[in-house]
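Welcome, and please have a look at the sequence and the model shown below.

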Amino acid sequence: MKTLSADVLVIGGGPAGLSAALAAKQKGAKRVAILERNEELGGILQQCIHHGFGIHRFREELTGPEYAQRFIDELASSGIDVYLETMVLELTDKRVVYAINKDHGMLCFEAGAVVLAMGCRERTRGALRIPGHRPAGVMTAGAAQRFVNIEGYVPGQRVVILGSGDIGLIMARRFTLEGAAVEAVVEVLPYAAGLTRNVVQCLHDFDIPLHLSATVVEIHGRDRVEAVTIADVDAAWKPVPRTERTIPCDTLLLSVGLIPENELSVQAGIELDPITNGPLIDHTLMTSLPGVFACGNVLHVHDLVDFVSEEAETAGTNAAAWTDAQATQSRRIITVKAGESVRYVLPQYVSPEKTAKLYMRVTQPETNVTINIGGLFSLKQKSVRPSEMIQVKLTPKVLSRLDSDSLTVAVEREVENVG
Amino acid sequence: MVKQIQTDVVIIGGGVIGTLAARELSRYKLDVWLVEKDAEVGWGATKANSGIVHAGFHDKPGSEKAKYCVEGNALYPELCDELDVSFEQNGILMVARSPEEIPVLEQYRAQGQKNGVPGLRIVYQDELRELEPNLSASTTAALLAPTGGTVAPFELAAAAMENAVDNGVQLLAESPVEAIQREDDGFIVMTPNGNLKTRFIVNAAGLHSDTIARLFNDTSFTITPRKGEEYLFDKSIRVVNHTIFPVPNAVSKGILVIPTSEGNVMIGPTGDNVDARDDMTTTQDGFKRIFDSVHELVPSLSPSGIITQFAGVRAASDRGDFVIDYSPVSKQIVHLAGIESPGLTAAPAIALQCAALLKEAGLDLVPDPTFCGRRRPVVRFHRLPRTEQAALIEHNPSFGKIVCRCETVTEAEIVDAIQRGARTIDGVKFRVRAGAGRCQGGFCQPLVMQILSRELGIPLTAVTKRGGGSEQVLYQAKELVGRQTRENIIS
């Protein structure tokens, strides 16, 4: 077994890992290494061949691989060690990482700081418990995206998509462009779950029907999907009897949510937030395990990669600056809580002396609301949607007005001024 | 394609019964063929089985079920050691949900003792809490059967087949039996892939064993399909140590909480008579019944931990017991039929009885000195210590490539599974668990398909989930472009 050391060890070479590693290196960390399980860097961006990435960061529309390549190019001359096709088997609470690959065999890294950037996985049919047969042709939208864009195969020619998450919407357009017929996109919520621009560009522009407040209640076909039955749902998402209709198809794609992949984190004893399924973090993006930071979709699921890169730079910067001495420092901590109509707020802990950025999502789409940040200030919003992350900066100056150890973020409705 | 083969025994059906019978007969100097309708063995009732190795207290003394269950249970530890199959003798607890059910536990203890089940005893309050801290507070006593266990049923069938093949048995897969012709000294078993001329037939066709019997005008039993749904939890959820049974009702052993031999928790099964023998659907209603029942036993189990569900169909006979006997039509035909619960447990003992019946009917059982009952050991990378993992990669670098991240399955293990007989995505999954974890193949399925395509020399579009008709990707990129629009597909 080969033992190596790194000042900052980044687990995952997707957009989060790339930015974290680059930032750590720029901030002076000497030995920075990325462990990536795939054959190339870039993570899931490599299969996202559609455009729309980088509008915020680069002020231009790039494809996923183009966006990733900007960071990969920067990495080439950075002196960062990259281990490809390398799978991390274990992260210990002493920041020792065991990983394997074909060339080096078993590697043992002793890390100064660790950045978790493992990304997320897709929720599956099993987790939804969709009744019926279990034929071939049922797959997650991301798996289908890999088949079409990387492997060069189209799973089927008549497609129903359950869930209107962004990957599902993108794949509705992708299948259509491949000559397949997308019969329906079915969404359990009364509104589309993905970004508005994707609803317009991927469904409306191609006349693909979107069934809201509906779900798949049965899968037909013993060997290969032959049809699905969909039904309307009530407010509690229960199927409404006698609203069932059957749509013939050979493929069912699932775009029903993403789950941060925190198996390594849990193994290391890192505490998770039950809502985000990501680690609990402070304003430096450090988890409950000192010296271990988290960013990107392993922390919380993002809608735009631009913000992943930004968040990861914060994690990488702080990882580079972190020393063991900090672990024992005691300081005042403010707990950040999600209040009325707020699904979650990150970080869960901030320091009154430091600037922090809050990331939050609302529970439902609304218009003309005010987001109250712990009574310190309010943010007027014309429209808020769960799919669109809201970011707010908190400065020590503002935080100094807080006379409590907790801060609650809540959505407040404006009273409509009729007439 | 087999034209016409002369053979001693044809076993019809490659479930756990047929494969273990084949492996038993491979001890002798015989020509044995096993014909299976599916692409791989173990895909009928075997696959969607609860995987319980029963202790033997459930069945009425004197029944075939009781006899073979207790005998089979005793054979399991050595069998699973020889075949290198996951088996845990974790014990069974039949739990009283109220004080009124305690006398029932005593009845089952007495019945079990009559059946010859070793070590049965009733545990109360404190000991029960210590054994199973997560059981509902309303449970006050349980019958403990230490010989109960769990096994991976598909793995057992695949391992038995592999070992049988290594010892000379021939497997004819994707070959449903279409007709059986009487000959002077035997039969001709006809399949789409060729005909087998044989002296003896073993009918281990599971759900279809009565259909097979009808092919030689034997109407001595009928199979009623009875479906069972099962729900599987993420490995991070470990709520019980023993297999937890409720006190049974009149028709079934009830709904169980099972710590599987592979480290998951599984709940189920239902027991519903169904019309179609291929009705392997899961249902909303089935889930509700299972969960309501399980909730009484282990209140902390939450549906959010479920990663997948499936259903299987039991081959219950109209006799209410196993049919392990000669056909009334001919002593050259042995039925191993109506094998419902505790059939998996009974299977090793049924295999011995199968050999004994054939011998009595005139088949010479001459031991084959080259027989080796020990299967080549399987590497389970994720279970090994780091140093052994490191040594494996050094020896074979493809152990350094993790294909299935959820279950930590390496490329070397998948290639090995294919070399041992896996032909499909499910075949790989059931042998080495690639795709059996929390992401259910979301990440690894394309990789597993590539490996299958490469190792079997077939295009990706010919890689199936479970045999012909279950191809997972149907077209090459651009193949559909311009070929059709939604309008002309629909019209």
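This is a predicted model: local features need pLDDT of at least 70, side-chain atom pairs count only at pLDDT 80 or more; totals for chains, interfaces and linings use all residues.

Two strands count as paired if DSSP finds at least two bridges between them.

**Strand E8 of chain A and its partners**

Nine bridges link strand E1 (residues 2-11) of chain A to E8(A), and the two run parallel. Within this pairing, A:Val10 lies opposite A:Val115 of E8(A). Strand E7 (residues 96-101) of chain A is also joined to E8(A), here by six bridges and in an antiparallel manner. A:Ala99 faces A:Leu107 of E8(A), and a hairpin of three residues leads from E7(A) to E8(A). Strand E20 (residues 292-294) of chain A runs parallel to E8(A), with three bridges between them; there, A:Val114 has A:Val292 of E20(A) as its bridge partner.

The pairings described here, together with one from another part of chain A, can be set out as follows.

| Strand pair | Bridges | Direction |
|---|---|---|
| E1(A) and E8(A) | nine bridges | parallel |
| E7(A) and E8(A) | six bridges | antiparallel |
| E8(A) and E20(A) | three bridges | parallel |
| E21(A) and E28(A) | four bridges | parallel |

How many of the twelve residues of strand E8 (residues 105-116) of chain A are buried? Ten of them are, and the strand is mostly covered.

**An open sheet in chain A**

Further along chain A, five strands make up an open sheet with mixed pairing, in the order E23-E21-E28-E25-E26. Strands E23 (349-350) and E26 (377-384) of chain A stand at the edges; each has a single partner strand, so one side of each lacks a neighbour in the sheet. Strands of a sheet pair through backbone hydrogen bonds, either parallel or antiparallel. Inside this sheet, strand E21 (residues 334-338) of chain A and strand E28 (residues 406-413) of chain A run parallel and share four bridges. One point of reference is A:Thr335, which stands opposite A:Ser406 in E28(A).

**Helix H5 of chain B**

Now over to the other chain. Helix H5 (residues 153-166) of chain B has 14 residues and reaches 20 Å from its first C-alpha to its last, close to the 20 Å expected at 1.5 Å a residue. Is this helix mostly covered or mostly exposed? H5(B) is mostly covered, with twelve of its 14 residues buried. Among the buried residues are B:Pro153, B:Phe154, B:Glu155, B:Met161 and B:Asn163. After H5(B) comes B:Gly168, which has a positive phi, near 105°.

Key:
Residues are numbered from 1 along each chain as its sequence is written. Chains are lettered from A and ligands numbered from 1 in the order in which they are written. Side-chain values use heavy atoms; hydrogens and water are left out. Buried means under 20% relative accessible area, exposed over 50%, partly exposed in between (1.4 Å probe, protein chains only). The expected span of a helix is 1.5 Å times one less than its number of residues.
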